[in-house]
Amino acid sequence: MNAYWRVLRSGDFGRLWLGASVSLLGDGMTFLALAWLVLDEGGTGRLGLLGVCFTAPVVVGGLLVGPLLDRFDKRTLLIADSVFRAACVASVPLAAAAGGVPVWLPFLVAVVYGLLKMVPLAGFPAAIPQLVGDRDLDTANALESLSFSVATVVGPAAAGVLVGAIGAPQVLLLDAASYLVFAALVATVRRPLSPPSRAGRQAGKQAPKASLKGVARDRVIISTTVAFMLFNIADGMLILVVGPWLAKNELHGGAPVLGALTAALAAGEVLGAAVAGGGRLGPASVRLIGLAQTGAALAFLAVLGAPLELVVGAGFFAVGLLTAPMTVWAQSLRMRRIPPELHGRAFAGLRTLMTGTAPLGAVIAAPLLSGGNLTAAAVTMACCAGLPGLYLLLSFTGDGSAPAAAAEPVPERADTG
């Protein structure tokens with residue numbers, strides 16, 4: 001725990017992480033509360049539209065947010081984003097108190113959420129190298145991963161209880177308050193989070209030029225990104241389709257069993273992130289990522305143990321346990337290899353690419369399981385996750401922190417030719 005206490009005691013990072021964690025917890029309640037409002041007003045037919053409004057704008061937002069993060073102070077952007085979204089989310093309970101929520105308002109809030117999702121999702125990791133030293137990158141990234149894992153489970157669970165107790169509009173009021181907490185804590189960050197190039201000019205130094213073309217030529221960045229995109233297809237299959245299908249048709253436990261499987265996955269993620277961030281498994285490297293991804297691919301095959309709930313649950317736990325270190329190590333590698341003045345654009349673009357492939361898993365898994373072919377679904381998940389994992393494991397030499405001999409590192413100065 002010494003590594004975690006050292007990072008959290010650093011002050012600025014600890015406050016930023018706490019604010020982001022509170023905000024993520026509020027976000028975890030938002031979709032369920034909005035979905036409940038839509039169900040009350042228009043039935044199940046509008047839930048699909050709400051899902052599209054929540055997810056589709058992320059792609060557009062990711063393209064717009066990155067350049068802003070590289071041009072302006074990240075504190076200013078995070079505060080402005082949080083205050084604006086707090087006002088948008090609070091418009092629903094205010095409208096309810098004034099006499100009724102317009103039919104279109106939950107969809108508008110979902111669109112705003114999707115458009116601005118990448119501000120904290122890319123802004124927080126882009127700020128991490130400016131707040132902690134190189135030796136603490138794995139620990140800081142593990143703390144971010146822990147926030148996501150906990151919020152994914154606790155947020156929807158808390159929303160389910162609170163919607164029944166105080167109503168969906170009041171749950172959204174809590175989410176609005178979480179944004180304001182984040183904004184207030186970001187405002188206490190004393191260390192400048194200005195773009196590195198601007199900070200260099202203010203100090204009288206000439207910052208080296210860098211180009212996204214250099215990032216696109218980096219074999220480590222490209223290989224790990226493609227590997228994660230393929231892994232997220234398998235992860236999307238498991239979470240969005242295979243898990244619910246198993247709970248209903250093979251494990252015969254319904255929603256409680258699905259909740260237990262989701263909890264097992266999240267528990268594995270929490271433990272995996274905690275171990276990876278403690279530095280006990282060694283420094284971040286491509287080969288470690290490949291090893292973890294290959295192991296996770298084998299864990300997907302545990303779904304074939306149905307109807308044994310313990311076997312399937314252990315598989316979900318193992319997937320989470322091995323997924324979290326992959327995420328921590330890959331993010332640390334990107335922070336070290338990508339020029340600081342490109343962190344905003346790079347993290348926004350890469351995270352948009354990686355998160356965008358999960359829905360493809362649902363598209364692939366649905367027709368397989370409609371025919372009851374669980375074996376084909378399990379093998380597909382294992383191949384999507386395992387083949388790129390094996391490539392990372394076998395294609396990089398040494399400690400894997402640098403690409404193989406044929407690859408070139410990201411140049412400090414862009415090629416002007």
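The paragraphs below take up the helix, then the cysteines, then the rings.

This is a predicted model, in which local features need pLDDT of at least 70 and side-chain atom pairs count only at pLDDT 80 or more, while totals for chains, interfaces and linings use all residues. Residues are numbered from 1 along each chain as its sequence is written, and side-chain values use heavy atoms, without hydrogens and water.

Helix 18 covers residues 374-395; helices are DSSP runs of H or I with at least four residues, numbered from the N terminus. Its 22 residues reach 31 Å from the first C-alpha to the last, close to the expected 32 Å, the expected span being 1.5 Å times one less than the number of residues. Helix 18 bends by about 25° at Cys-383, the bend being the angle between axes fitted to the seven residues ending there and the seven starting there.

The count of disulfides is zero, a disulfide being a pair of cysteine sulfur atoms within 2.5 Å. For Cys-383, the nearest cysteine sulfur is that of Cys-384, 7.2 Å away. Cys-383 is partly exposed at 38% relative accessible area, whereas Cys-384 is among the buried residues of helix 18 (buried is under 20%, exposed over 50%, partly exposed in between; 1.4 Å probe, protein chains only).

There are five aromatic pairs (Phe, Tyr or Trp rings, the six-membered one for Trp, with centres within 6.5 Å; planes under 30 degrees apart are stacked, over 60 edge-to-face, the rest tilted). Phe-31 and Phe-54 are edge-to-face, at 5.0 Å and 80°. This pair joins helix 2 to helix 3, 23 residues apart.

Key
Helices (H or I, at least four residues) and strands (E, at least two) are DSSP runs, numbered from the N terminus.
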